[in-house]
Amino acid sequence: DLEEEEEEGSEAEEGSEESEVEAASSSDEEVDAEAGAASPSGQGNDSDDGLGATDAEMFRMDAKLAAYFATIKNGKGGNAKAAAEQLDQFKLRVVTLLEYFLKRSPASPLVPTAAVPMLNALAVAAKPSGSQVLSQRLAGLINSKLVKTKPGAAGVSAFEPEDLAAALKRSLYLASRSADPVVESAARAVYTFLQRAAAGQHSAGDGARAVAALESAQAAARDVLASRRTRLDRAFFANLLGRVPTLAPHLLPGLLRGCSGARSEFVRAEAVALTQLALRTGQAGVAGVLGDRVADVQALLLSACDRGVFAKPARQAEAARLAARMAATLLPVQGRAGPAGLDWGAVRAAAGAAAAAAAA
């Protein structure tokens, strides 16, 4: 899924940066007009007193700002440097208004919808041609304010299901592919924030939005196991599952397959570690998931205990511990004889042999 995003976004990253800038700028222009309207003088007064402008003053300021932006768009701005600086000032005022909004209405259903537009604006500002000051303000706003708000009861209800899927896909793409550490960190935070907000849709019976969130988390797990270009790591999933433990059972099937079928020994070891993490954080649902996949569990456990899968003793020992943990998870549910159809003796023997070999 992220490879598709990468192909679709290659032009946005290389040949179509202008379209991304225009999209961010058009959004900024609309909000900038409101920002200017907040102060009768339009000179960037960020105090709350400026919010008391009359309707007539606001309409006049809207007209002035519209004329200003039209002049820039038509290339008649005169001093390009001064125009760019003034545009940055308008954007900084928008950031100030967003800070004010997050402070006054942190539980608003509109807060999650603002996350990805802010992240896109940060990605543009963080480029060499962008604004370092704006980048720092946006990064601070995302990491210190936005993602620390508690999603309200409405969760992600302000999103259409397809829009939620697109927002998750975009933030996951930047978390996985951005070479800028500031953008990567903010994208990880935004992705986890959106998953937190979507978690309430599971209990609310909102099937379409819940499915979008679950499918996105599964795409993240596939990406870390299959792609060489991913920047997702164990810390990303530890934070995600720690905050949204209900995702863990849904990630287990793919992670189990990765324990033996991932592209390299290192990634197979990561799959083992992530599977252990999922078993710890999603205890309420993992037994049922494993019990429904008895044949897969046997095949994967036997494979994970095979010395041909892990050449390094330490990794082999981790695989053996994973087999033991799965045994402890399944036996209370399936009985002492083990799950029906599972050659539990073979699994135990393989796990014991692997553990002994790793300890030797």
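Residues are numbered from 1 along each chain as its sequence is written, and side-chain values use heavy atoms, with hydrogens and water left out.

As for the chain overall, the average pLDDT is 76, and 61% of the residues score at least 70. Where pLDDT is low, the predicted coordinates should not be read in detail. Helices here are DSSP runs (H or I, at least four residues), numbered from the N terminus.

On to the core. A nonpolar core is taken as a set of buried Ala, Val, Leu, Ile, Met, Phe, Trp, Tyr and Cys residues joined through side-chain atoms within 4.5 Å; buried means under 20% relative accessible area, exposed over 50%, and partly exposed in between, with a 1.4 Å probe and protein chains only. The largest such core has 75 residues, and those with the most contacts inside it are Leu146, Leu194 and Phe237. Leaving aside residues up to four places away in sequence, Leu194 touches Pro112, Ala115, Val116, Val156, Phe159, Ala167, Leu168 and Ser171.

Helix 5 (residues 111-125) packs against helix 7 at an angle of about 35°, with the axes 10 Å apart. Axes are lines fitted to C-alpha atoms, for helices over the stretch in contact, and angles run from 0 to 180 degrees between N-to-C directions. The crossing is left-handed, i.e. the near helix is turned anticlockwise from the far one by less than a right angle. At this contact, Val116, Leu119 and Asn120 in helix 5 meet Ala167, Arg170, Ser171 and Leu174 in helix 7. Ala187, from helix 8, counts as buried at 0% relative accessibility. Not counting residues up to four places away in sequence, Ala187 touches Leu119, Ser171, Leu174 and Ala175. The C-alpha atoms of Ala187 and Leu119 are separated by 6.7 Å, although the two residues are 68 apart along the chain.

Then there are the charges. With a salt bridge set as a side-chain nitrogen of Lys or Arg within 4 Å of a carboxyl oxygen of Asp or Glu, the count comes to six. One of them pairs Glu99 with Arg137, the closest N and O atoms being 3.5 Å apart. Glu99 sits in helix 4 (residues 80-104) and Arg137 in helix 6 (residues 132-144), so the pair ties together parts that are 38 residues apart in sequence. Glu99 is partly exposed at 28%, and Arg137 is also partly exposed, at 28%.

Arg188 and Asp233 meet in another salt bridge (3.1 Å, N to O). Arg188 belongs to helix 8 (residues 181-203) and Asp233 to the loop between helix 9 (207-226) and helix 10 (234-243), so this pair ties together parts 45 residues apart in sequence. Arg188 is buried at 17%, whereas Asp233 is partly exposed at 31%. A network of salt bridges links Glu184, Arg188 and Asp233.

Conventions: Predicted model: local features only at pLDDT ≥ 70, side-chain atom pairs only at ≥ 80, totals over all residues. Contact = heavy atoms within 4.5 Å. pLDDT = per-residue confidence, 0-100. Helix = DSSP H or I, 4+ residues; strand = E, 2+ residues; numbered from the N terminus.
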